[in-house]
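I opened the file to see what I could look up. My notes follow the coordinates.

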Amino acid sequence: MDANNDCVYNAGEKAPMWAAVFLFDNNQFAQVMRTDSVGPSYFNTPTGAGHNYTLSLGYTNGEMLNVCPASRMYTVSSIPSANNDFGIQCGKGYDIAGYVGGWGFRPGFDAGVYLYAYNKRCENVNAQVKLVKDLLLSVNDAYPVPDAVNGDTLIWNVNSLTNDNYFYAYLNVKTSVAATLNDSIHLKMNLDPIAEDSMPDD
């Protein structure tokens, strides 16, 4: 995160993990690499005549804004090339997103359900993650333990959800013996608050 908009990675600034960096050769896509846990990304490329490389960053979706360089790309004039720093900033507000899934659903057997929720922007928000489980499932145990259970809805309260952390829950469940092989298992996750969420549909 470029705190002072100077397009230089300075001490104390956060370098995003897993950002996509694209390499183009003569304006044709050549490679994509993800930044590592401390921000850098590396390419191995051919050198010599006929190669004209440019780099661009994959953040253009409004969640993370690529603010510099103004062109949003670097022309690589020599190889090796270092210190091609991209300045990014968070979009304003918060945007809670997530997904839920499961596996192993067979009548009378244990199965697994997982939930993952995160904030795609930088404003801290106290969130509530709710799982509405299928009536054919009973919960053996859950980690972390829900803060509340209301019928078939399990509720977790998550304090200070930012783009630096996330919420993850795993449930061991049992599928009812009344289930048949043609039944579907429905899992629904609700994320609150949505009133000021930048993109409530996700």
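Strands here are DSSP runs of E at least two residues long, numbered from the N terminus, and helices are runs of H or I of at least four. With that in hand I placed N27, which lies in the loop between β1 and β2. I keep in mind that this is a predicted model.

**Entry: overall make-up**

I counted elements and got 14 strands and 0 helices. The chain has 202 residues, and 34% of them are buried. I also looked at contacts between residues at least 6 apart in sequence: 64% of those join residues at least 24 apart.

Most residues other than glycine have a negative phi, and most peptide bonds are trans. I went looking for exceptions.

Back to N27: its phi is near 65°, positive in a residue other than glycine. Is N27 buried or exposed? I get a relative accessible area of 66%, and the cut-off for exposed is over 50%, so N27 counts as exposed. N26 also sits in the loop between β1 and β2 (28-34). N26 has a positive phi of about 55° and is not a glycine either. At 37% relative accessibility, N26 falls between the 20% and 50% limits, so I logged N26 as partly exposed.

Then the peptide bonds. I79 to P80 is cis, with omega near 5°, and P80 is in the loop between β5 (73-76) and β6. Y143 and P144 are joined by a cis bond too, with omega about -5°. I found P144 in the loop between β10 and β11 (148-150).

**Entry: cores**

Which residues touch the most other members of the largest nonpolar core? In that core of 22 residues, I noted I96, L115, V129, W156, F167 and L171. The strands that each supply at least two residues of this core are β8 (110-119), β9 (125-132), β10 (137-143), β12 (153-161), β13 (166-175) and β14 (188-192). There is also a second, separate core of 12 residues, including A19, Y53, C68 and I88.

Leaving out residues up to four places away in sequence, W156 touches L115, A127, Q128, V129, L131, P144, V145, P146, D147, F167, A169 and L171. P144, from the cis bond with Y143, turns up on that W156 list.

**Entry: S56**

S56 is in strand β3. Its relative accessible area is 11%, under the 20% cut-off, so S56 is buried. S56 and F22 are 34 residues apart in sequence, yet I get 5.2 Å between their C-alpha atoms. F22 is one of the residues S56 touches beyond four places in sequence; A20, V21, F24, R72, M73 and F86 are others.

**Entry: largest pocket**

Rolling a probe the size of a water molecule over the atoms shows where empty space is left. The largest pocket holds about 840 Å³ of space. It is lined by 34 residues, and G39, P40, S41, N84 and D85 are the closest to its centre. By class I logged 22 nonpolar, 8 polar and 4 charged lining residues. β1 (20-25), β3 (53-57) and β6 (87-90) each give at least two residues to the lining. β3 has the largest share, with 3 residues.

Technical notes:
Residues numbered from 1 in each chain as written. Predicted model: local features only at pLDDT ≥ 70, side-chain atom pairs only at ≥ 80, totals over all residues. Heavy atoms only, no water. Buried < 20%, exposed > 50% of the residue type's maximum accessible area, 1.4 Å probe, protein only. Contact = heavy atoms within 4.5 Å. 1 Å grid on protein atoms, 1.4 Å probe; cavity = no way out; pocket = protein on both sides within 12 Å on 5 of 7 lines; lining within 4 Å. Points joined across faces, edges and corners; volume = space filled by probe spheres on them. Nonpolar A, V, L, I, M, F, W, Y, C, P; charged D, E, K, R; others polar. Core = buried A, V, L, I, M, F, W, Y, C linked by side-chain atoms within 4.5 Å.
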